[in-house]
Amino acid sequence: MRFYGIALLASTVVLGACGGEKAATDTAAANAAAAAATTPAATTPAATTPAATPGATPAAGAAAPAAATGKTHEVKMIGDATGYKFVPAELTVKQGDAVKFIMTSGGPHNVTFQNVADAAAKAQLDANMPGAKMGELSSPMLMQPNESYTVSFANVAAGKYDFICTPHAAMNMKGAITVTP
Ligand SMILES: [Cu+2]
């Protein structure tokens, strides 16, 4: 009888522990779900961007996003008493580098690449532009100071890529990125 009593006590403890653990797990799951629900959509694309797959051949007309592997260059987007401009407006990067556009003043600004003649380069560049875009090769609008938008030039063919800020195209807000091998 004594043995039976201990066994019963032990199983009660196990059940108790089990119940407590389940409650804790449920709470954690609920918190995670709540956090996921309130996470801004803008932060998810970067986290889920697949890594570069060198050697992979994308289907015709399609390209997989390729993550940058090199240096990140910064370009400020400015609108003030001196005018509307990208600073620097012209820069040279290596294939595999990234360019981070930073909303500095006078927004909203965006970056829209234009006149990309090479179809493969155009598809890759578009694939490397994350988020809820305004259209093909056209980034979302950056509204607040220090908001930024990073474009990877991994797998993007060498060449010169012209870009404008769509809202300020008439104010000559434009630039060019030259990609070297
Ligand atoms: Cu602008």
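Me: What mean pLDDT does the protein chain have, and how should I read it?
Reply: pLDDT is the predictor's confidence in each residue, on a scale from 0 to 100. Here the protein chain averages 80, with 66% of its residues at 70 or more. This is a predicted model, so local features need pLDDT of at least 70 and side-chain atom pairs count only at pLDDT 80 or more, while totals for chains, interfaces and linings use all residues. Residues are numbered from 1 along each chain as its sequence is written.

Me: Where does pLDDT stay under 50?
Reply: That happens over residues 1-59. For this stretch the model has 20 contacts beyond four places in sequence; a contact means two C-beta atoms, placed from the backbone, within 7 Å.

Me: How many helices and strands are there?
Reply: Elements here are DSSP runs numbered from the N terminus: helices are H or I of at least four residues, strands are E of at least two. The protein chain has three helices and eight strands, in the pattern α-α-β-β-β-β-β-α-β-β-β.

Me: What is the strand order in the open sheet?
Reply: Start with pairing: two strands pair if DSSP finds at least two bridges between them. The open sheet has four strands in the order β3-β8-β7-β5, with mixed pairing. β3 (90-94) and β5 (112-114) are the edge strands, each pairing on one side only.

Me: Which pairs are parallel and which antiparallel?
Reply: β3 and β8 (residues 174-180) pair in the parallel sense over five bridges, and E90 stands opposite A176 in β8. β7 and β8 run antiparallel, joined by six bridges; there D162 has A176 as its bridge partner. β5 and β7 are antiparallel too, with three bridges, and Q114 is partnered with D162 in β7.

Me: Which residues touch the most other members of the largest nonpolar core?
Reply: Two terms come in here. A residue is buried if 20 or more other C-beta atoms lie within 10 Å of its own, exposed if 12 or fewer, and partly exposed in between, with C-beta atoms placed from the backbone. A nonpolar core is a set of buried Ala, Val, Leu, Ile, Met, Phe, Trp, Tyr and Cys residues joined through C-beta atoms within 7 Å. In this model the largest such core has 27 residues, and V99, L125, F153 and Y161 touch the most other members. β4 gives the largest share, three residues. Leaving aside neighbours within four places in sequence, F153 has contacts that include A68, V93, V99 and V179.

Me: Is I177 buried or exposed?
Reply: I177 is buried because 26 other C-beta atoms lie within 10 Å. I177 sits in strand β8 and touches L91, V93, V99, Y161 and F163, not counting residues up to four places away in sequence. I177 and F113 are 64 residues apart in sequence, yet 9.6 Å apart in space, C-alpha to C-alpha.

Me: Which peptide bonds are cis?
Reply: Look at omega. The bond joining V87 and P88 is cis, with omega about -5 degrees, and P88 is in the loop between β2 and β3. The bond from G107 to P108 is cis as well, with omega near 0 degrees; P108 is in the loop between β4 and β5.

Me: What is phi at N146 and at N155?
Reply: Both are positive in residues other than glycine: near 75 degrees for N146 and about 65 degrees for N155. N146 lies in the loop between α3 and β6, and counts as exposed because it has 8 C-beta neighbours inside 10 Å. N155 lies in the loop between β6 and β7, and counts as buried, with 25 such neighbours inside 10 Å.
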